[in-house]
Amino acid sequence: PLVQLNGVAMIDRLIQIFVRNGADKVVVIINNEVPLTKEHLLELQRNSEVPLELVIKTTPSSMHSFYELSKVMKQGRFCLTTVDTVFREDEFAEFIKIFEEQEEYDGLMAVTPFVDDEKPLYVEVDEDKNIKAFLDERVSEGLLVSGGVYALGDEAREVLADCVEKGVHRMRNYQRALL
């Protein structure tokens, strides 16, 4: 989270982008194992003009981190990202705009043809850009890759709670359950 991109910590960059794109609250989960990140965010929380809520808990997977966040997030539609996702702000703004305007969407997921991940989650879409499958391996050309940015609604929280109850692990398995 503290890796610098153009002189700005990745976590700070994300928070700034969220605020500039209408976030009225930012909730961040961090584990207990990185005291520098914890201190950095506590300082940011003290000096932030936007409500920044911290959840400090070590979880077994990103899906479980999302579950912990869901306990303190307000109801309604929301955007969730991983801390290591990198995107252009103008593309993020368009992503949020589409999600806000298209209420019939249950969810919207950022995808990219660019693969720079040791274990990418491949995404197969149909001709209308609806997600057909989440795959652990590239089984054909033309597959996209998860960009680590998700816009979801309350039904996604219900699926999340069901996944946790059933002992599902990993964000990608939660995404499969969403389908």
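Leaving aside its neighbours within four places in sequence, asparagine 21 is in contact (heavy atoms within 4.5 Å) with Glu89, Phe92, Ala93 and Ile96. This is a predicted model, in which local features need pLDDT of at least 70 and side-chain atom pairs count only at pLDDT 80 or more, while totals for chains, interfaces and linings use all residues. Residues are numbered from 1 along each chain as its sequence is written, and side-chain values use heavy atoms, with hydrogens and water left out. The predictor's confidence in each residue, pLDDT, runs from 0 to 100; its mean for the protein is 92, and 100% of the residues reach 70 or more.

Asparagine 21 belongs to the loop between helix H1 (10-20) and strand E3 (26-30), where helices (H or I, at least four residues) and strands (E, at least two) are DSSP runs numbered from the N terminus. With a relative accessible area of 18%, asparagine 21 is buried, a term that means under 20% relative accessible area, whereas exposed means over 50% and partly exposed lies in between (1.4 Å probe, protein chains only). The side chain of asparagine 21 also reaches the backbone oxygen of isoleucine 17, at 2.8 Å.

We turn next to strand E9. Of the 9 residues in strand E9 (residues 144-152), 8 are buried, so that the strand is mostly covered. Two strands pair if DSSP finds at least two bridges between them. Strand E5 (residues 78-81) runs antiparallel to E9 and is joined to it by 4 bridges, with phenylalanine 78 standing opposite leucine 152 of E9. Strand E6 (residues 107-112) pairs with E9 over 5 bridges, again in the antiparallel sense, and here glycine 107 stands opposite leucine 152. Strand E7 (residues 122-125) is likewise antiparallel to E9, through 2 bridges, and tyrosine 122 has valine 145 of E9 as its bridge partner.

Most residues other than glycine have a negative phi. Asparagine 6, in the loop between strand E1 (4-5) and strand E2 (8-9), has a positive phi near 50 degrees, and its relative accessibility of 85% makes asparagine 6 exposed. Lysine 129, in the loop between E7 and strand E8 (131-135), has a positive phi near 70 degrees and counts as exposed at 70% relative accessibility.

How values were computed. A polar contact is a pair of N or O atoms within 3.5 Å; within protein, one must be able to donate a hydrogen and the other to accept it, and residues adjacent in sequence count only if both atoms are side-chain atoms.
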